[in-house]
Amino acid sequence: MARVVLDNINKIYRSRRGNVHAVKDFSLSVEDGEFVSLLGPSGCGKSSTLRMIVGLESVTSGEIRFNDAVVNDLEPQHRNVAMAFETYALYPNFTIEENLGFPLEVRGVSKQDRKKEVRRIAGLLQIEDVLDQKPGALSGGQQQRVSLGRALIREPAAFILDEVMSHLDAHLKFQMMIELRRIHQSLGRTMVFVTHDQMEALALSDRVAVMHEGRLQQFGSRDDLYHAPNNVFVAGFIGEPPTNFFAVQPEEADGRLTLVSDDGATRFQPSDHRAATIRNRGGNSFVVGIRPQNLTRVADGLENSIAATVLLNEYSGERSILTLTSGDARLQAVTASGDDVGRGQEVDLFYDPDDVLVFDAETEDLLV
C-alpha cells in the first residue's frame, strides 16, 4: 500500500497555438489506505492529474511521491499502480477468466496460481458465474466489474480509477458504488477516483478534492464540502439542487446586521459569528448562499424568513423542489412531497441564521 503525495504539481501542454496550463500548483496527500476522489467539471484538470500519478503524462514541475520515493521519472510499469478506465478495455476474444488472469500471465505466474487468484477476485466481485463467457455476452455492469478485477488482481500499491461508472445507467451505477465501497473496505488499499459526478464522489470517498480551472478548490470530507465550502464555486458545485446565491449589502439597525439583496426584496439575518466577521472586515458587497434544503415552509421554531412566489412545483417522489422568485432573484427550496402549492402562490421560506453562508464578493471566499 502507499501514501500518494502531490507537491506543487503543474502540468503545461505546449503547442504551436500556445500553452495550456492544465494543472496549477496542485498539492494533495492521499493517506495509506484512503479512498480519495478528484471531482470537478470537464476540463478542470482532474484527468491530467490522474495521468501524472500513473505516469502516462510527464510532470512539468513539482513532485509526485509514493511514500517517500519520488516517482516523477518512473515509467508506469515501475510505479506499482493499477488503473481502471472509463472504457472497459477488455479483450473480446478472451473469456472472462482469461481477461482477469492476463496481468498475472504476463508476470509469469503459474497457471495453477493464476486460476486460484482469478477465483478469489471473481468472488470478491461476485462474477464467478460468468468466468467462461466472453465480454460481449455480459452486461455493462458486469464488464465494468471485470475491468476493475483486472486492476485488482495485480495487488498494486494504489488503484487509480478514471470515470469507471460513467457508462452505467442509474441502477447499475448505484449497485457499482456499493460494490466499490465494499471492495475498498475489504482490501484497505489506497484508491484515487476521478469523476465529474458529485453523487459518486460523496458516496464513496473518505475525502474529496474539488478542482476548477486546474486548481484545487477544497480538499475535505463530505461535511466540510457541504457545510463549510471554501468558496462560491464549491458551494455551487456541491449539493443538488445547487446553492441559491444573492448579491447583498449590509445594513445596520438597532444593533442588528441584515444582509439585503441589491434590489431590496430579500433580507437575510446571518449568524452572530458571521455578522461580527462582516463588521470587522467592512465593505459593502457580499454574496449570500443558502442551500435549498435549508429553506422550509414550516416555521418549527424558526423566526427568520423570506417571502417568495412559486413558479414551479416539481414533484420527485420523496420530495418536491419549488422554483420561486424573490424580487429579481430566482431560487429553489426543497419541501415535503405532499406540498401542493402551485404557480403564483405566495409563500414564506424559513431558515436558520447558521445556514446563511456569506462570501466575499471580490474573492468569492467564505467568511468564516
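## Arg279: between buried and exposed

A residue is buried under 20% relative accessible area, exposed over 50%, and partly exposed in between. Keep that scale in mind for this predicted model. Arg279 has a relative accessible area of 39%, so Arg279 is partly exposed. Look for Arg279 in helix 9, which covers residues 272–281.

Which residues does Arg279 touch, leaving aside neighbours within four places in sequence? They are Glu252, Gly255, Arg256 and Leu257. Now pick Leu349. Along the chain, Leu349 and Arg279 are 70 residues apart. Their C-alpha atoms are separated by 26 Å.

## Aromatic rings

How many aromatic pairs does the structure hold? There are eight. One of them joins Phe268 and Tyr351.

Where do the two partners sit? Phe268 belongs to strand 13 (residues 267–268). Tyr351 belongs to strand 18 (residues 346–351). The pair therefore ties together parts that are 83 residues apart in sequence.

Elsewhere, three rings come together. Tyr91, Phe94 and Phe102 form one aromatic cluster.

## Charges over rings

Rings also meet charged side chains here. Lys11 lies over the face of Tyr13, at 5.0 Å from the ring centre. Arg291 lies over the face of Tyr226. For Arg291, the distance to the ring centre is 4.1 Å.

Turn to helix 1, which runs over residues 46–54. Thr49 is part of that helix. Its relative accessible area is 1%, which is under 20%, so Thr49 is buried.

What does the side chain of Thr49 reach? It reaches the backbone oxygen of Gly45, at 2.8 Å. Setting aside neighbours within four places in sequence, Thr49 is in contact with Leu6, Val23, Phe26, Leu38 and Met211.

## Looking back

Arg279 and Thr49 both lie in helices, Arg279 in helix 9 and Thr49 in helix 1. Arg279 is partly exposed, whereas Thr49 is buried.

Terms used: Residues numbered from 1 in each chain as written. Predicted model: local features only at pLDDT ≥ 70, side-chain atom pairs only at ≥ 80, totals over all residues. Heavy atoms only, no water. Helix = DSSP H or I, 4+ residues; strand = E, 2+ residues; numbered from the N terminus. Buried < 20%, exposed > 50% of the residue type's maximum accessible area, 1.4 Å probe, protein only. Contact = heavy atoms within 4.5 Å. Phe/Tyr/Trp six-rings, centres within 6.5 Å; stacked < 30°, edge-to-face > 60°. Lys NZ or Arg CZ within 6 Å of the ring centre and 35° of its normal. Polar contact = N/O pair within 3.5 Å; in protein donor to acceptor, adjacent residues only side chain to side chain.
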